[in-house]
Amino acid sequence: MTKSANNSYQFQENPDHVDHDQIIDTCLIAGRIMVENGSETYRVEDTMHRIAQNAGIPNSTLFTTPTGIFMGVENECGMQIREIHKRDINLEKISRVNQLSRSFASGNLTLPQLHQYLIQVEQNTSSFPLWMQIFSAGIISGMLMIIFAGKFDWFDFPMACLLGAVGYASNHYINKLTNINFLSQFIAAFNIGILGVLAVKLGVGHDINNMIIGAVMPLVPGVAITNSVRDLLAGHLITGVARGAEAILCAGAIGVGIALIFRFIY
């Protein structure tokens, strides 16, 4: 593998030569995509190890954290690092990386092809349109309100859906502006609380507790909490604690946003 003037890697097809830099670079792209989109640490490292083994490096060394991935080859100097700048939930990207890894293991893809396809997954993976995500968040909020309330409160159902949709939209747009999860979730929860109070005062809602409980659920970092526990059980203590702390801070931001409404307004 050679490096061009614009710092992009130029891959060379040579079955008799194992280019460690080329393999590590490909593995790190796959790992970064998985970490950024909500995969567990053990799954990330397993996928990277499998790609490296199938490419000709049976003794790779990995260290994965929520903010960076380190990879090298045993008994060789040097290590490559990839920073993690964002963390989101996109299971479609994780699924596609796993499919590409299996195709590479079965010999249907060469290493340069795998590298190129991974870049395409990172840049061009389609997702549901935003309006559909907001609409789905609203419906989920209403359904969860019914579950938590333990009764079919159809009067509060429309408002719970509206609060959940507004909260999800607020979180999305504020996070794009600030890229600070805690702030966006705090403001989204605060907006849900304000609208819940207005709904009760205007007579279009009955039980503010049920409406808010359902509306905040799309904001709750459930996947992060689950991954934190799974990483801890798998022995990835640093990653598990870091993800758990992040999830607790997100949940705390949601709780503070709602608590301020009940303390000073409602």
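## A tour of the predicted chain

Residues are numbered from 1 along each chain as its sequence is written, and side-chain values use heavy atoms, with hydrogens and water left out.

Switch to the C-alpha trace, which spans about 75 × 35 × 35 Å along its principal axes. In cartoon view, look for ten helices and five strands. These are DSSP runs numbered from the N terminus (helices: H or I, at least four residues; strands: E, at least two). Of the 266 residues, 43% are buried (under 20% relative accessible area, with exposed over 50% and partly exposed in between; 1.4 Å probe, protein chains only).

Next, select residues 25-264. The UniProt record, an unreviewed entry, annotates this span as "domain: Threonine/serine exporter-like N-terminal". UniProt positions are given in the numbering used here, feature names are shortened, and annotations may be inferred rather than shown by experiment. The span is 70% helix and 7% strand, and its end C-alpha atoms lie 53 Å apart.

Now select residues 60-65, 68-73 and 79-83, which are strands E3, E4 and E5. They form an open, antiparallel sheet in the order E3-E4-E5. Two strands pair if DSSP finds at least two bridges between them; E4 and E5 have five. E3 and E5 stand at the edges with a single partner strand each, so one side of each has no neighbour in the sheet. From one strand to the next, the twist averages 10 degrees. Pick out Phe 70, which stands opposite Ile 81 in E5.

Axes are lines fitted to C-alpha atoms, for helices over the stretch in contact, and angles run from 0 to 180 degrees between N-to-C directions.

Finally, go to Asn 98 in helix H3, residues 91-105. Is Asn 98 buried or exposed? Asn 98 is buried, with a relative accessible area of 16%. Leaving aside neighbours within four places in sequence, Asn 98 is in contact with Met 34, Arg 43 and Thr 47; contact means heavy atoms within 4.5 Å.

Definitions and conventions: This is a predicted model: local features need pLDDT of at least 70, side-chain atom pairs count only at pLDDT 80 or more; totals for chains, interfaces and linings use all residues.
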